[in-house]
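Have a look at the model first, then read on.

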Amino acid sequence: MKQVFNVRRVYGVILRHFFLLKHSPSRWLDLLYWPTVDLLLWGFITVYLQKEAYSNNFWAFQFIGALIFWNILIRAQQGLAVGFLEDVWSRNLVYIFVSPIRVYEYLAGLIVYSIFKAAIASFLMVVIAGLVFHFKFWLTGLQLFLLVYGLLLFAWSIGLLTMSFLLFFGQEAEILAWALALLFLPFSAVFYPVEILPEPLQSLAKLVPASYLFETMREILFAGKWKVDWVVKSYLLNLVYLGFSLGVFGYAFKLAKKAGKLPKIGE
């Protein structure tokens with residue numbers, strides 16, 4: 001008689017996943033990372049809402065605006081990093097880089113693709129926010145463009161770092177395409193101001209370009225004005241981040257090419 005349920009087979013499946021977890025830092029990262037980020041994020045949001053008393057819909061508008069701006073950053077970053085991963089998964093990297101294309105041309109193509117992805121996703125969110133919540137994205141005025149460009153620069157810095165890790169460590173680092181940007185989320189003042197963070201973390205947040213941009217967005221929505229020095233600081237930090245990321249990527253690419261790792265990254 002055929003056995004319908006075999007406990008040993010179930011145990012074998014469980015054991016297999018335990019062995020995978022045991023030998024995979026990326027799976028450990030996936031297991032521990034998300035609960036930590038969620039706890040930090042929503043914990044600070046709760047503290048912020050408990051501290052502030054709102055008599056209008058400002059807080060709701062602030063959250064909707066923050067979600068849209070954060071989505072722009074995430075889509076642009078993933079457009080770059082996941083676009084690179086697509087070539088890793090299809091083992092296409094070696095064919096690309098034996099062709100006449102230059103590495104900066106390849107990066108330029110990915111950057112344009114990331115802008116496309118960010119534009120499509122944010123447009124959809126703006127339309128839905130307008131129809132459902134009566135949120136007018138253009139309330140941020142012409143400063144909107146400065147904020148978006150700043151977020152794109154930051155997103156590309158993170159995307160380049162993700163690609164560098166892929167070149168250094170291979171496909172094992174692919175989880176960073178989704179996780180690395182979220183590392184900055186608790187310190188980017190997306191859903192709460194920097195002042196709500198404990199003092200040591202405030203200093204850390206001041207080193208994150210996105211924190212000045214989200215603070216500016218909140219200031220525009222709340223008071224209808226903005227601080228130029230915040231935007232200037234954000235752009236200066238963005239230049240440092242972008243320069244550093246380009247340097248790391250250039251070094252990682254050169255190293256991978258010299259070691260002949262490009263054809264093996266997807267294996």
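## Starting from a serine

Ser-245 sits in helix α10; helices here are DSSP runs of H or I with at least four residues, strands are runs of E with at least two, and both are numbered from the N terminus. Before going further: this is a predicted model, where local features need pLDDT of at least 70 and side-chain atom pairs count only at pLDDT 80 or more, while totals for chains, interfaces and linings use all residues. Residues are numbered from 1 along each chain as its sequence is written, and side-chain values use heavy atoms, with hydrogens and water left out.

Back to the serine. Ser-245 is buried, with a relative accessible area of 1%; buried means under 20% relative accessible area, exposed means over 50%, and partly exposed is in between, using a 1.4 Å probe and protein chains only. Leaving out neighbours within four places in sequence, Ser-245 is in contact with Ser-157, Leu-160, Leu-161 and Ser-164, a contact being heavy atoms within 4.5 Å.

Take the last of those partners. Ser-164 belongs to helix α6 and is buried too, at a relative accessible area of 1%. Beyond residues up to four places away, Ser-164 touches Ser-245, Val-248, Phe-249 and Ala-252.

Helix α6 also holds Gly-159, which is buried with a relative accessible area of 0%. Setting aside residues up to four places away, Gly-159 touches Gln-77, Leu-80 and Ala-81.

| Pair | Apart in sequence | C-alpha to C-alpha |
|---|---|---|
| Gly-159 and Gly-79 | 80 residues | 8.1 Å |

## The whole chain

What does the secondary structure come to? There are ten helices and zero strands. Of the 267 residues in the chain, 46% are buried. Among contacts with a separation of 6 or more, 78% are between residues 24 or more positions apart. The accessible surface is about 15,000 Å², and 70% of it belongs to carbon and sulfur atoms; areas come from the Shrake-Rupley method with a 1.4 Å probe, and for residues only the protein chains shown count as cover.

How confident is the predictor? The mean pLDDT of the chain is 82, and 87% of its residues reach 70 or more; pLDDT is the predictor's confidence in each residue, from 0 to 100. Confidence is lowest in α2, at a mean of 69, and highest in α10, at 94. Where pLDDT is low, the predicted coordinates should not be read in detail.

## Core and surface

The largest nonpolar core has 80 residues, and those with the most contacts inside it are Phe-69, Leu-73, Phe-84, Leu-167, Phe-191 and Tyr-192. Such a core is a set of buried Ala, Val, Leu, Ile, Met, Phe, Trp, Tyr and Cys residues joined through side-chain atoms within 4.5 Å. Helix α3 gives the largest share of this core, 16 residues. As for Leu-73, its partners outside four places in sequence are Leu-151, Phe-154, Ala-155, Ile-158, Ala-181 and Ala-210.

Ala-181 is one of the buried residues of α7. Six of the eight residues in α7 are buried, so this helix is largely enclosed by the rest of the structure.

Now the outside. Phe-123, Leu-124, Val-127, Ile-128, Leu-131 and Val-132 form a nonpolar surface patch with about 600 Å² of accessible area together. Patches take residues with over 30% relative accessible area and no salt bridge, joining like charges within 9 Å and nonpolar side chains (Val, Leu, Ile, Met, Phe, Trp, Tyr) within 5 Å. Leu-131 is in helix α5 (residues 103–133) and counts as exposed, at 66% relative accessibility.

How many salt bridges does a search of the whole structure find? One, where a salt bridge is a side-chain nitrogen of Lys or Arg within 4 Å of a carboxyl oxygen of Asp or Glu. Glu-215 and Arg-218 form it through their side chains (3.3 Å, N to O). Both lie in helix α9, three residues apart, about one turn of the helix, and both are buried.

Finally, Ala-189 is a residue other than glycine with a positive phi, near 55°. Ala-189 is in the loop between α7 and α8 (199–205) and counts as buried, at 2% relative accessibility.
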